[in-house]
Amino acid sequence: MAKSLVNTNAKFGTLPVFLTALSTILGAILFLRFGWAVGQVGFIGVIGIVALGHIVTIPTAFAVAEIATNQRVQGGGAYYIISRSFGLNIGGAIGIALYLSQAISVAFYVIAFGEAFEPVIKWIGETYNFYIPDRRWISIPTMVLLSGLILTKGANVGMKALYVVVAILLTSIAMFFLGDSTIKPEVVNFHSKIPNNLNFFFVFTIIFPAFTGLAAGLGLSGDLKDPKKSIPRGTLWATVVGMLVYVAIAYKFAISASPEDLVADQLIMSKIAIWGPIIPIGLAAASLSSALGSIMVAPRTLQAIGYDDIFPQGHINRWFAKGRKTDNEPINGSLITIAIAFVFVIVGDVDFVAQIISMFFMVTYSAICLISLLEHFAADPAYRPTFRSSWHLSLIGTLSSLWLMFQMNATYAAVSVVIMAMIYYIIMLNNEENQGLNKLFRGVIFQLSRQLQIMLQRADSEKDKSWRPFGVCISHDTFKRRSAFDIMRWISYKYGFGTYIHFIKGLLNEKNTNESKQVLDRLIQLSAGSQNRVYLDTIISPSYTSAIAQVVQLSGISGKGNNLILFEFSRTDPGNLKEITGNYQIVESAGFDICILNTSYKSFGYKKEIHIWIRPEDYVNANLMILLGYIILGHPEWKKGKIKIYALYPEQDMEEKRKQLMELIKAGRLPISPSNISMVPYESGDRKSKIMKYSADADLTIIGFTTDALKNIEEFSEGYNDLGNILFVSSNRAKAIN
């Protein structure tokens, strides 16, 4: 594709880019509507319009210059820049909108060309009594001639004509400045405007196409010898020069005619200029040059879209992409552009077409500024432009263009966004493999995450006594049992962070590495349908012991170290319980809280009740057990659940311990009703029978344990036959509930 979009005979330099952009900026709007705008909103208001317009166009020009110097910009101009940075899906959607704006621009400038003949039409009517009732008698034949010129001669003739019309354009502007000023500068009222003037943003909408010339220069990218040099220089200089000229012309209007005269006569410049006829000639030249620029650019955009296979039908893409054999001139794209332009030429309303163009270009400019902004934060090593803009400028351009879209016409803006979303959806259905936008946003999120992790690490302090789970689970039975993964989902949903690691036993070699990648893909697919905020990973290690040793030394995804580890085993096959208890000291020495999940055939039942059992020896574990119960209950799957606390104490200590629990719950503001606290008399040897009696129907039972219990693994695996899943909890230190 890249080779096909390049014109092998490309020979244009910076000057054509500058002239194409400048002639579009100093075009039809300048001659037909800029004086009208000064009359409507006054000199100060027009300066505000120029300033607002360039708050969008200057950041866009800098963004274009930056993106264009990162890679070779080929045929398609602005579309190529957007699609290669945002990806073909979103780039295609914006590219189609951009193409339509360029095609409609052809009609806009041809209509304006017809308006330039107003003095001639008036003279013919007065002299020969022959009146032309409609400017379309001129604009439609002009469109026919322009179409024939482009279809037969292509861009080369257009560029030759461009030099001539730019010379006429500059001459007419110079003669306008040399004309007499009837109002002395010292008595000029720069706030003066007509009574009942039009809304500021409506006037802005009509005027804004005057500032969109930078996109015209981009369209020649496929015909430039050195786009990385020509595009930045040409667009930036044209934007700055155009802005200065508009400010000067606004001042000239303010000191040369009253607001009423400026609004009443759309060719008021001819009455101000030192030689009046030069203004219609300049308007004709400006309109013709802009029309030439647009009709050269639009087909190249469509050709590039076709090369990228954006449209659903392959034969349509091939037809659009086809160029003339000798110079790759986009003949088919020109035919479509001409057809669209004819439709709007027949409509013949300058203001209506100007509003549509403004909206399309505003969407495009916001996209270009957003690309530059995201590329700054994504810090992609492949993004190395030789020209650097500032992300502050790109941010200003993005926000300003989005705000102005809705100020100009909220309905048009909303419809534009909906249409672009529909176009994007259709393109995405046929190009699912193109993920450029995702890649860009992933880079931004990665950089943001990196900065946050560094900030958290620096801010971490032992003085912070509040506790939240930074949990990690390591298991080789992931695809046999899902209960451990569910626990990690629940604790990391709202209050904590969770990492689930699948253990692969073996040496780190190519075979096991490939297996780990396949396992990770499978894990991601399996977890995609759940309310999952767990970070998934795999680890390859010769033994379970070495894997645990590696895991406990890893930093968590939160930017802080992990503080809790979860193991799991099956009640019906407790073989790996020995692995867990055998490695307890490694985890304990690292300062981890330890949870061991005993899974049963009941699993988590209906997720309605969590029973927490507290014994006299659970002084250190009690707060952690209650906190974990509360955290799990915060997941939507437990929205109908409740916590019940059972306190196993000798009968003589019941009342005192009950008061302590009530104070604990009240201080911690945990949603546990006092009626859900039960004091269970406890005698040595009947603990398990008591738990079985009260918690047989519980969906999750939380029980504390101490290091001594690990000496007898039957303590975890036997005596709980009728219970559902059990979470055994051992806290490394007592947790404060604030």
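Phe-705 and Phe-716 are both buried, where buried means under 20% relative accessible area, exposed over 50%, and partly exposed in between, using a 1.4 Å probe and protein chains only. The model examined here is predicted, so local features need pLDDT of at least 70 and side-chain atom pairs count only at pLDDT 80 or more, while totals for chains, interfaces and linings use all residues. Residues are numbered from 1 along each chain as its sequence is written, and side-chain values use heavy atoms, with hydrogens and water left out.

Of its 738 residues, 55% are buried.

Aromatic rings come next. The structure holds 28 aromatic pairs; rings of Phe, Tyr and Trp (its six-membered ring) pair if their centres lie within 6.5 Å, with planes under 30 degrees apart counted as stacked, over 60 as edge-to-face and the rest as tilted. One of these pairs, Tyr-495 with Tyr-630, is tilted, at 5.6 Å centre to centre and 40° between the planes. Tyr-495 sits in the loop between α21 (483-492) and β2 (497-505) and Tyr-630 in helix α26 (residues 622-633), so this pair ties together parts that are 135 residues apart in sequence. Tyr-495 is partly exposed, with a relative accessible area of 22%, and Tyr-630 is partly exposed too, at 24%. For Phe-705 and Phe-716, the ring centres are 5.2 Å apart and the planes at 80°, so the pair is edge-to-face. Phe-705 lies in the loop between β9 (700-704) and α29 (714-717), and Phe-716 in helix α29, so here the linked parts are 11 residues apart in sequence.

Strand β9 itself deserves a look. Because 5 of its 5 residues are buried, β9 is largely enclosed by the rest of the structure. In a regular strand the side chains alternate between the two faces of the sheet. Both faces of β9 are covered, with Leu-700, Ile-702 and Gly-704 buried on one side and Thr-701 and Ile-703 on the other. Two strands pair if DSSP finds at least two bridges between them. Strand β6 (residues 609-614) runs parallel to β9, joined by 4 bridges, and His-611 has Thr-701 in β9 as its bridge partner. Strand β10 (residues 725-730) is also parallel to β9, with 5 bridges, and Leu-727 in β10 stands opposite Ile-702.

Note on methods: Helices (H or I, at least four residues) and strands (E, at least two) are DSSP runs, numbered from the N terminus.
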